[in-house]
Amino acid sequence: IPTDQIKDNLIFEEQTDINGNPYIIARFRFDPDPNQQGETLENPVLFIWDKEGGWKNGLNPGELGIKNGILFGSMITGWYVKDPGYMGQKYMNIPIKKFGMITSPDILWITGIEGGKYDLRQGPDQFNFEIPDYILNYPIRNNAPIQLMHVLWGDENTIPNWVKKINSKDVFFSTIDKHIITLLSHYKGRIDTYSLLNEYFGNPFNHDPKLAFWHEKVNALGITDEEFVTHIFKTAKEADPNARLVFNDYGMEIPGTTTYSGQKDQKNFQLLQDALKNGAPIDVVGFQMHLYAKDFLGDNFQKTMESFRVQVNKYQSLGVDIDLTELDIRLNEGLSNLSNEEKLNLQARIYEGIIKIAKEEGITHITVWGVSDRDSWLKKPNVGGPNASETNPLLFDDSDNIKPALLGVLNGLLK
């Protein structure tokens, strides 16, 4: 768009941050395509002014989030920081310039990458912090809070064989304690949030026991779910009292949507309720939020949004915070009647609606699960399906350029 046209179509609005300080946003007023079906985005935010920094680029959900009491971040792995040329400088600059928090998935016990030589757990008495240290130094350099995921995840592929072979309750607990204490002590005082336990009950749709390792293991050893959850959260809180500790999962976020499981919702809520009554210091319930845009089509849009709000309130009633921990919105199913532009606008409106409700309900930590579409986990055919290349779930496209989704996030933060 020509510069003169931008200049002649700016709309200025005064806003107030969470501390009562005024700032100004400049929106670009545009005329929507009269032939386009469905609703379109509001006038996008282009610039922000405040007395500390003057005018600056407004396409920054990290900064706008902070002004509104929300840490809005992205997931990025330490492998990319180790070799920044792998993704390229344009990609590597996005988390620095656009996000207010960094989430790293680099504390799994094992990954097997490069033959496992960089795995966090090299043996019963060995830890290798090289990869998570890369990601740790990356946000520290840019003054961004850090979130680490996941201390314990039930995917059997992330569990060493020597852990799988444990057949004693005492040895099991001592092994878990050593892992948690060593990890959290290594980073004590430097981490904002840990996803301590992820997907405890596994996949509610295929019930594969290999995806619920910790649940299967503790039950086989005669340990109750409540005992296990209470034990690990108490151990972690003693190791780093100031870190926020998350019980993270999917399946309970929005009733009526593709990834919702009523059974998992009920089991998670009951377990959390019991563990909290037993003194488990669970600070946060993490809603993963891997969403399908098709669930928000037409009249379903507002109904689905309100269902999300109800679930947030339901889990908040337990006395915990809610984080949105792995947010993405896939576009590759059930949208064949929409043009690409219409798909992108729908995605943007969903991001806007989710962020708006999150802000209204006091959610303070939101992470999108990746930086740009080209590195989304959904691009893998074994995850995203045969047309995985069309999932395009994030805020930046395959060329690391801004999508309408980012504009939707900004509008949501300003609602």
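## A salt bridge at Lys237

In this predicted model, the side chains of Lys237 and Asp283 come together in a salt bridge, with 2.7 Å from N to O. The two partners belong to distant parts of the chain: Lys237 sits in helix α9, while Asp283 is in the loop between α10 and β12 (284-287), 46 residues apart. Is Lys237 buried or exposed? With a relative accessible area of 18%, Lys237 is buried, because the cut-off for that label is under 20%. Asp283 has a relative accessible area of 25% and is partly exposed.

Side chains of opposite charge can pair when their charged atoms come close.

Helix α9 covers residues 225-239. Which residues of α9 are buried? They are Asp225, Phe228, Val229, Thr230, Ile232, Phe233, Thr235, Ala236, Lys237 and Ala239. These buried residues pack against β9 (146-153), α7 (169-186), β10 (193-198), α8 (213-220), β11 (244-249) and α10 (262-277).

Lys234 also belongs to helix α9, but at 37% relative accessibility Lys234 counts as partly exposed. Setting aside neighbours within four places in sequence, Lys234 is in contact with Asn278, Gly279 and Pro281. As a sense of scale, the C-alpha atoms of Lys234 and Lys379 are separated by 37 Å, and these two residues are 145 places apart along the chain.

## The nonpolar core

The largest nonpolar core has 110 residues, and Trp214 and Phe228 touch the most other members. Helix α12 (residues 340-360) gives the most to this core, with 8 residues. What does Phe228 contact, leaving aside its neighbours within four places in sequence? The list is Leu152, Phe172, Phe173, Leu197, Tyr200, Trp214, Val218 and Ile223.

Trp214 is one of the buried residues of helix α8, along with Phe213, His215, Lys217 and Val218. The cover over the buried residues of α8 includes β9, α6 (161-164), α7 and α9. Just after α8, Gly222 takes a positive phi of about 80°.

How many salt bridges does the structure hold? There are 20. One of them joins Lys178 and Asp125, whose closest N and O atoms are 2.5 Å apart. Lys178 lies in helix α7 and Asp125 in the loop between β7 (121-123) and β8 (126-127), so this pair ties together parts that are 53 residues apart in sequence. Lys178 is partly exposed, with a relative accessible area of 33%, whereas Asp125 is exposed at 63%.

Another salt bridge brings together the side chains of Asp400 and Arg374 (2.9 Å, N to O). Asp400 is in the loop between α13 (381-384) and α14 (404-414), and Arg374 is in the loop between β15 (365-368) and α13, so the pair ties together parts 26 residues apart in sequence. Asp400 is buried, with a relative accessible area of 7%, while Arg374 is partly exposed at 31%. There is also a network: salt bridges that share partners join Glu306, Arg309, Lys356, Glu360 and Glu361.

## Backbone details worth a look

Asp400 has another feature to notice: its phi is positive, about 65°, although Asp400 is not a glycine. Glu114 is also a residue other than glycine with a positive phi, near 50°. Glu114 is placed in the loop between β6 (101-104) and β7 and counts as partly exposed at 47% relative accessibility.

Where is there a cis peptide bond? It joins Met149 and His150, with omega at about -10°. His150 has its place in strand β9.

## A nonpolar patch on the surface

Finally, turn to the outside. Phe12, Phe47, Trp49 and Trp55 form a nonpolar patch on the surface, and together they have about 420 Å² of accessible area. Trp55 is found in strand β4 (residues 54-57), and with a relative accessible area of 46%, Trp55 is partly exposed.

Note on methods:
Residues are numbered from 1 along each chain as its sequence is written. This is a predicted model: local features need pLDDT of at least 70, side-chain atom pairs count only at pLDDT 80 or more; totals for chains, interfaces and linings use all residues. Side-chain values use heavy atoms; hydrogens and water are left out. A nonpolar core is a set of buried Ala, Val, Leu, Ile, Met, Phe, Trp, Tyr and Cys residues joined through side-chain atoms within 4.5 Å. Buried means under 20% relative accessible area, exposed over 50%, partly exposed in between (1.4 Å probe, protein chains only). Helices (H or I, at least four residues) and strands (E, at least two) are DSSP runs, numbered from the N terminus. Contact means heavy atoms within 4.5 Å. The expected span of a helix is 1.5 Å times one less than its number of residues. Patches are made of residues with over 30% relative accessible area and no salt bridge: like charges are joined within 9 Å, nonpolar side chains (Val, Leu, Ile, Met, Phe, Trp, Tyr) within 5 Å. Accessible areas come from the Shrake-Rupley method with a 1.4 Å probe; for residues, only the protein chains shown count as cover. A salt bridge is a side-chain nitrogen of Lys or Arg within 4 Å of a carboxyl oxygen of Asp or Glu.
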